[in-house]
Amino acid sequence: MNTRKFIERIGEKTIDAIEEVGYHFSLLVESFYWLLVGPFVKQPVRLHYIFSEMMKIGVLAIPVVILLSFSNGIMMAIQGIVTLQEFNAESQVVPGIAYSVTREFGVLITAIVVAGRSGSAIAARIGSMQMSQEVDALRVMGIEPVRHLVAPIIFSMLVMMPILTIMADSAALIGGGLYTGFVLKLSLGTFIDRCFDVLVVYDVMQGLYKSLIFGVLIALVACSNGFSVSGGAEGLGKATTRSVVMSIAMIVMVDMIFTYFLSR
Amino acid sequence: MTYLIEEKNDYLVVYLEGEVDLSCSPEARRVILDCLQKQRHLLVDLSGVSYIDSSGVASLVEGYQVSRSKNLNFALVGVSDNALNVLKLARLDQVFPIYTSIETLLQGGS
Amino acid sequence: MVVESESTKDELVIDVQDLVTYYGTRKILDQVNLQVLAGEIMVIMGGSGSGKSTLLRHMLALNKPAAGAIRLFGKDPNKLSAPQLHAIRQRMGVSFQNGALFNSLNVEENVAFPLREHTRLDENTIRIMARMKLEVVNLAGFEKLMPSQLSGGMVKRAALARAIVMDPSLLFFDEPSAGLDPVVSADLDELILRLRDAMKVTIVVVTHELDSAFRIADRILVLDKGKVLILGTVDEVKSSDNKRVQNLLNRKSEDVIVNPDEYLQRLTDDLAGL
């Protein structure tokens, strides 16, 4: 009996998960439909909503992203120099930092900050709209909630994530450069020069591609958790937490898969 | 909706006809505001109007306010029962000067 | 009813036929039939769990029926393309139970919202229209307040103003008097009647308040456990000799009859040592 129940539970959870992925996908397709086709069927995605989302998702996140990336750059320099000293190869710290920041850590930190800041905020906002029937109100007014609420967020993510990632890359390189310069008596200018010597466009682009995917992931997870809120204030809290945990987990896993394929 | 503009004494008379709804109230608004732009007293005759919605009434409200700021006269005539109901709902029957016909207005009646 | 609308009196605005719907495996609505005629005020009554809110969601085309059909203005919303459905929805106004005002917009912006989304009217016209509707619901002077600053009754009136801003020909109310004191609730009923008379709008009200239902209804539909208990005029409902209807009218709770064996089983199910 218990084994059967257990297997049943696994089956149910699997179906739920598949349903959720399907729902994410349909949100994505619908958002692109409204972004591209909306203006021609008199249901445009409003510019001022896009701008306000860009502000909330992107501009307001700049200080945290820069601060964390700068610190991360310094940490990587510290660890890198300590490790490389064992092989008397301290000077190799520059390409080490340059590669891992642009390919990996710049975008990862950006994504985690955005997931924590905006993912939770979006899930909470859409969730409370769902609870107070504002989403139903939109629907009965003949306004597609996906067009009105989700499409501006997806669009803003696609624009702001790469910009934030470039800022994060720069802040981390500067942080790493300052520390390396301090320890190895290297000027920041030389450090940056040597970074550019080793980096090719592909390295930076690898981070930017990922930033697009992570941005869309955060938006879809946050929106779908928001729309599926039920059960009052407690449900709202759960959905908010779930959206942050789920998007960060997905980001790290997707990142791993990406890295595997892109870095070979 | 169709419209016709005529001169009577000091007044320009705008005859609106048909349905004044969301699709044609912008035109009604433009006609009314254009007449007031010419610094002319204005009468809007609604006797040919079969249906007027809130956007039509809003255009009348704007016209009336513009006429007041320009010290021009503005009045409604031939308001059907249906239209009067719509005006009454928002208590606008207490705002607009409403006359039964153009003649009563020109003779100074009510 | 007013005499002049005699010609349109038989026009069907909503036609619900043999509607069946489930929540999970639980049957919520069972073979519900309802015809709402143009210009009438139809009140849907029933206790909580009777399925009245679900029926409303079907009439708003928010839920799809498991069986049976629904027609709004002669068309099945579940078979329409998105633009056709939007066109129908622009002829409908809905006042939700808790208002469902957009919290990020002030009162005037809330009321003007459908106009800004659906029309290309001049900004002046839009704002005058929004303020006219606020005047209709006696909320003049509260344009700039945010929804969170309004009292319960004011929220309902603002929601009503938003529901009627496009001059709908079909208007829905979900529990207009829930959570309001009797005086405010009576005011709102008065307003509903005035709207019907001035705008010739068809109105569907979902409520569990008897007083309110009797004040405004032309006809009443009473739902009980997903089935139609009675559908008729106020007098017909009042004089019905159906026991459940009378219980509902006299606010008497049902005597619950239990099956002793099942009941005992329910109480002791899953217990250790039994």
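## Chatting through a predicted three-chain model

User: Is Met59(C) buried or exposed?

Analyst: The cut-off for buried is 20 or more other C-beta atoms within 10 Å. Met59(C) has 26 C-beta neighbours inside 10 Å, so it counts as buried.

User: Which residues does Met59(C) touch, leaving out those up to four places away in sequence?

Analyst: Arg127(C), 68 residues along the chain, has its C-alpha atom 30 Å from that of Met59(C). The residues that Met59(C) does touch are Ile14(C), Ile70(C), Phe172(C) and Val204(C).

User: What about strand S5(C): which residues are buried on its two sides?

Analyst: In a regular strand, side chains alternate between the two faces of the sheet. Here both faces of S5(C) are covered. One side has Met92(C) and Val94(C), and the other has Gly93(C) and Ser95(C).

User: Which residue stands opposite Ser95(C)?

Analyst: S5(C) pairs with strand S6 (residues 170–174) of chain C, in the parallel sense and over four bridges. Within S6(C), the residue opposite Ser95(C) is Phe173(C).

User: How many residues does chain C bring to its contact with chain A, and how many come from chain A?

Analyst: The contact draws on both chains, with 15 residues from chain C and 11 from chain A. Helix H2 (82–89), strand S5 (92–95) and helix H3 (107–118) of chain C each supply at least two residues of the side touching chain A. By class, that side of chain C has two charged, four polar and nine nonpolar residues. The counts you asked for are 15 from chain C and 11 from chain A.

User: In what order do the elements of chain B run from the N terminus?

Analyst: Chain B has five strands and four helices. From the N terminus on, the order is β-β-α-β-α-β-α-β-α.

User: Why is chain B called as compact as a globular protein of its length?

Analyst: For 110 residues the globule rule gives 13 Å. The C-alpha atoms fill a box of roughly 30 × 25 × 25 Å along the principal axes, and 42% of the residues count as buried.

How values were computed
Residues are numbered from 1 along each chain as its sequence is written. Chains are lettered from A and ligands numbered from 1 in the order in which they are written. This is a predicted model: local features need pLDDT of at least 70, side-chain atom pairs count only at pLDDT 80 or more; totals for chains, interfaces and linings use all residues. The radius of gyration is taken over C-alpha atoms; the globule rule is 2.2 Å times the number of residues to the power 0.38. A residue is buried if 20 or more other C-beta atoms lie within 10 Å of its own, exposed if 12 or fewer, and partly exposed in between; C-beta atoms are placed from the backbone. Two residues are in contact if their C-beta atoms, placed from the backbone, lie within 7 Å. Ala, Val, Leu, Ile, Met, Phe, Trp, Tyr, Cys and Pro count as nonpolar, Asp, Glu, Lys and Arg as charged, and the others, Gly among them, as polar. Two strands pair if DSSP finds at least two bridges between them.
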